[in-house]
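Subject: Structure handover

Hello,

The structure we spoke about is below, with notes on what was found in it. Please read the notes with the structure open.

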Amino acid sequence: MIELIDMALLLIMVVTALGFVFIRNLFAIVMLSGIFSLTAAVLYVVMDAVDVAFTEAAVGAGIATVLGLVALSLTGKPDEAPSQRSHIGPFMVTLLTGAVLINATFDMPNYGDPEAPIHQHVAPRYIQQSGDEIGVPNIVTSVLASYRGYDTLGEVTVIFTAACGVLALLGRRRRLKAGDVAGNGAEADR
Amino acid sequence: MIGKSILRVTAKLLIPAIMLFGLYVQFHGDYGPGGGFQAGVIFAAAFIVYALLFGTHRARRAVSPGVIRFILAFGVLLYAGVGVFGILLGGNYLDYNVLGHDPVHGQHNGILLIEFGVGATVAAAMITIFLTFAGHDRPLEDD
């Protein structure tokens, strides 16, 4: 049963990915990317990774879709006609990369294999000790916030930097534009 | 504008619920799925829904960009500050054991604080990015 659900979800993702390639309407592609993320989120739920699914649904399907729509309305570029150049070269590169990646998955341990290296290293310690050491029922939270506190600090810094970068690149243009209109400068500075 | 009245009324009902859910995810992250990151995104989503339906001008009037930028920096500083505070109390950087009268309480306090910092920065970053993208004084939606 669970394999059937997995297959259906993966099939939806493949169809959506094919849609990216063949559809020319940018609005439809932004919507498809939202669908792709939401399907991935459902797949994570099936794999019992609810925290990851939560993030994927909120960021991938929610915020990223909205930002894609905003970027679309900002640039307002009409959908480009497909160029007439040959795509054989890029297609071969894509095919080769895909083949290498698929080949690499054969070396990966089976899904849920308790003997997999990732389950042998620090995971047993987290599962056995985090209840006494941290006392938080959600192990994911204790790993993210306490055992791996440095990494999370780094992630937050990345997000902070991203917002600063957007402000530095696009924030100034708004202020200049608002300054052109008389009496609007005070509004923009607020 | 008239065509959006159904959306606006629905949004007015939904936005408080979304914010409340964001707070739930923020402070319930220790017990269920979620945490600062997801909560920040959900909280920002409530704000973005408001900005989409009522215009970025009114959204800016609700929370000024200056306040949002302050929160943006405050979250990271709170996170890093918890680490420094741990050093001052005699522990290692980001070692929460010293933040309470016993290690487990210290861990709880530390996680609560840094998750709050994560949520604040993520929410402010998402709102900042959205408002900067959409803040070119013209209606966002092409109706």
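**Two loop residues**

Asp48(A) counts as exposed, because it has 9 C-beta neighbours inside 10 Å. For that term, a residue is buried if 20 or more other C-beta atoms lie within 10 Å of its own, exposed if 12 or fewer, and partly exposed in between, with C-beta atoms placed from the backbone. Asp48(A) sits in the loop between helix 2 and helix 3 of chain A. Its phi is near 70 degrees, a positive value in a residue other than glycine. Most residues other than glycine have a negative phi.

Leu94(B) also has a positive phi, of about 60 degrees, although it is not a glycine. This residue is in the loop between helix 4 and helix 5 of chain B. Leu94(B) has 22 C-beta neighbours inside 10 Å and therefore counts as buried.

**How to read the model**

This is a predicted model, in which local features need pLDDT of at least 70 and side-chain atom pairs count only at pLDDT 80 or more, while totals for chains, interfaces and linings use all residues. Residues are numbered from 1 along each chain as its sequence is written, and chains are lettered from A and ligands numbered from 1 in the order in which they are written.

**Chain A**

The secondary structure of chain A comes to eight helices and zero strands. Helices (H or I, at least four residues) and strands (E, at least two) are DSSP runs, numbered from the N terminus. Of the 190 residues of chain A, 19% count as buried. Two residues are in contact if their C-beta atoms, placed from the backbone, lie within 7 Å. Among the contacts in chain A with a separation of 6 or more, 39% join residues 24 or more positions apart.

**Where the chains meet**

In all, 45 residues of chain B are in contact with 41 residues of chain A. Helix 2 (36–54), helix 4 (65–88) and helix 5 of chain B are the elements that give two or more residues to the chain B side. The largest share of that side, 19 residues, comes from helix 5 of chain B. By class, the side of chain B that touches chain A has 25 nonpolar, 16 polar and four charged residues. Here Ala, Val, Leu, Ile, Met, Phe, Trp, Tyr, Cys and Pro count as nonpolar, Asp, Glu, Lys and Arg as charged, and the others, Gly among them, as polar.

One helix pair spans the two chains. The axes of helix 3 (residues 50–75) of chain A and helix 5 (residues 103–134) of chain B come within 9 Å and cross at roughly 20 degrees. Axes are lines fitted to C-alpha atoms, for helices over the stretch in contact, and angles run from 0 to 180 degrees between N-to-C directions. These two helices are therefore roughly parallel to each other; angles under 35 degrees count as roughly parallel, over 145 as roughly antiparallel, 65 to 115 as roughly perpendicular and the rest as oblique. The residues that meet include Val66(A) and Val70(A) in helix 3 of chain A, and Ile129(B) and Phe133(B) in helix 5 of chain B. This contact has 11 nonpolar, no polar and no charged residues.

**Inside chain B**

Helix 2 and helix 5 of chain B pack at an angle of about 30 degrees, with their axes 7 Å apart, and are therefore roughly parallel to each other. Their contact divides into 17 nonpolar, three polar and one charged residue.

The axes of helix 1 (residues 5–27) and helix 2 of chain B come within 8 Å and cross at roughly 165 degrees. This pair is therefore roughly antiparallel.

Phe116(B) is found in helix 5 of chain B and is buried, with 20 other C-beta atoms within 10 Å. Not counting residues up to four places away in sequence, Phe116(B) touches Gly36(B) and Leu78(B).

**The core**

Which residues of the largest nonpolar core touch the most other members? Of its 63 residues, they are Val41(B), Ala44(B), Ala51(B), Ala125(B), Met126(B), Ile127(B) and Phe130(B). A nonpolar core is a set of buried Ala, Val, Leu, Ile, Met, Phe, Trp, Tyr and Cys residues joined through C-beta atoms within 7 Å. Helix 5 of chain B gives the most to this core, with 17 residues.

Regards
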